[in-house]
Amino acid sequence: MQTTFTISTTGPGLYEFTRDVTRWAGQGGDGLLTLFVRHTSASLLLQENADPEVQTDLRAFFDRLVPPSTHPSMAYLTHTYEGPDDMPAHIKAALMPVSLSIPVTQGRLALGTWQGIYLFEHRSAPHHRQVAAHLG
């Protein structure tokens, strides 16, 4: 089984799409689900979905780790013509996963109690991100 999920973003942050994946995977049986984000400035994460402060803190951490190209510490960057958030978005995507593998048993994702599937948007402008899914 294969499909593509489209996640609409409104700016930097984590966008949970666990329910969409769970609903789709429920049509299958046993296998390994692979998710792959088809963009170079976004990432995929398995992360806690109980306390929204986790997402807030993750975003704050990565913004501090990799600030916009206008920050003095990023003056060495040369790829700046697509905006001050573009190259930092590529760096963040290089540091975080762009694919995930999740076991599926009898159509159910083998996630832990508090785990959710997130697209981590690194760009400031709204986007429609595509995540390719394969269950086999």
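## Helices and the model

Helices here are DSSP runs of H or I with at least four residues, numbered from the N terminus. The structure is a predicted model. Helix α2 covers residues 52-65, and within helix α2 Asp-63 and Arg-59 stand four residues apart, which means that about one helical turn separates them. Helix α1 covers residues 18-25, and helix α3 covers residues 86-95.

## The sheet

Five strands form an open sheet in the order β1-β8-β3-β5-β6, and their pairing is antiparallel. At the edges are β1 (2-9) and β6 (108-109), each of which pairs on one side only. Helix α1 packs on this sheet, where it touches β1, β3, β6 and β8 (127-135). The direction of helix α1 makes about 165° with that of β1.

Inside the order, strand β3 (residues 31-37) pairs with strand β5 (residues 99-105) over six bridges, in the antiparallel sense. Strands of a sheet pair through backbone hydrogen bonds, in either a parallel or an antiparallel way.

## Salt bridges

Side chains of opposite charge can pair when their charged atoms come close. Six salt bridges are found in a search of the whole structure. One of them joins Asp-20 to Arg-23, with 2.9 Å between the closest N and O atoms. Asp-20 and Arg-23 are three residues apart in helix α1, so about one helical turn lies between them. Asp-20 has a relative accessible area of 36% and is therefore partly exposed, whereas Arg-23, at 57%, counts as exposed. The cut-off that sets Arg-23 apart here is 50%: exposed means over that value.

A further salt bridge links Asp-63 and Arg-59, whose closest N and O atoms are 3.5 Å apart. Asp-63 counts as partly exposed because its relative accessibility is 30%, and Arg-59 is partly exposed at 32%. Asp-63 also meets the side chain of Lys-92 in a salt bridge of 2.7 Å, N to O. That pair links distant parts of the chain: Lys-92 lies in helix α3 and Asp-63 in helix α2, 29 residues apart. Lys-92 has a relative accessible area of 6% and is buried. Through shared partners, salt bridges join Arg-59, Asp-63 and Lys-92 into one network.

Ser-43 is placed in strand β4 (residues 42-48). Its relative accessibility is 0%, so Ser-43 counts as buried. The side chains of Ser-43 and His-122 are joined by a polar contact of 2.8 Å. Leaving aside residues up to four places away in sequence, Ser-43 touches Val-37, Lys-92, Ala-93, Met-96, Pro-97, Tyr-118, Leu-119, Phe-120 and His-122. Among these contacts is Lys-92, which also belongs to the salt-bridge network with Arg-59 and Asp-63.

Thr-56 is found in helix α2. With a relative accessible area of 52%, Thr-56 is exposed. Thr-56 and Gln-2 are separated by 54 residues in sequence and by 32 Å in space, C-alpha to C-alpha.

## Aromatic pairs

A pair of aromatic rings is described by the distance of the centres and the angle of the planes. Four aromatic pairs are found in a search of the whole structure. In one of them, the ring centres of Phe-5 and Phe-17 are 6.0 Å apart and the planes stand at 55°, so the pair is tilted. This pair links distant parts of the chain, since Phe-5 is in strand β1 and Phe-17 is in the loop between β2 (13-16) and α1, 12 residues apart. Phe-5 counts as buried at 10% relative accessibility, and Phe-17 counts as buried at 3%.

In another pair, the rings of Phe-61 and Phe-62 have centres 5.1 Å apart and planes at 80°, so the pair is edge-to-face. Phe-61 is partly exposed at 46% relative accessibility, while Phe-62, at 12%, counts as buried. Ring pairs also link Phe-5, Phe-17 and Trp-24 into a cluster.

Technical notes:
Residues are numbered from 1 along each chain as its sequence is written. This is a predicted model: local features need pLDDT of at least 70, side-chain atom pairs count only at pLDDT 80 or more; totals for chains, interfaces and linings use all residues. Side-chain values use heavy atoms; hydrogens and water are left out. Two strands pair if DSSP finds at least two bridges between them. Helices (H or I, at least four residues) and strands (E, at least two) are DSSP runs, numbered from the N terminus. Contact means heavy atoms within 4.5 Å. Axes are lines fitted to C-alpha atoms, for helices over the stretch in contact, and angles run from 0 to 180 degrees between N-to-C directions. A salt bridge is a side-chain nitrogen of Lys or Arg within 4 Å of a carboxyl oxygen of Asp or Glu. Buried means under 20% relative accessible area, exposed over 50%, partly exposed in between (1.4 Å probe, protein chains only). A polar contact is a pair of N or O atoms within 3.5 Å; within protein, one must be able to donate a hydrogen and the other to accept it, and residues adjacent in sequence count only if both atoms are side-chain atoms. Rings of Phe, Tyr and Trp (its six-membered ring) pair if their centres lie within 6.5 Å; planes under 30 degrees apart count as stacked, over 60 as edge-to-face and the rest as tilted.
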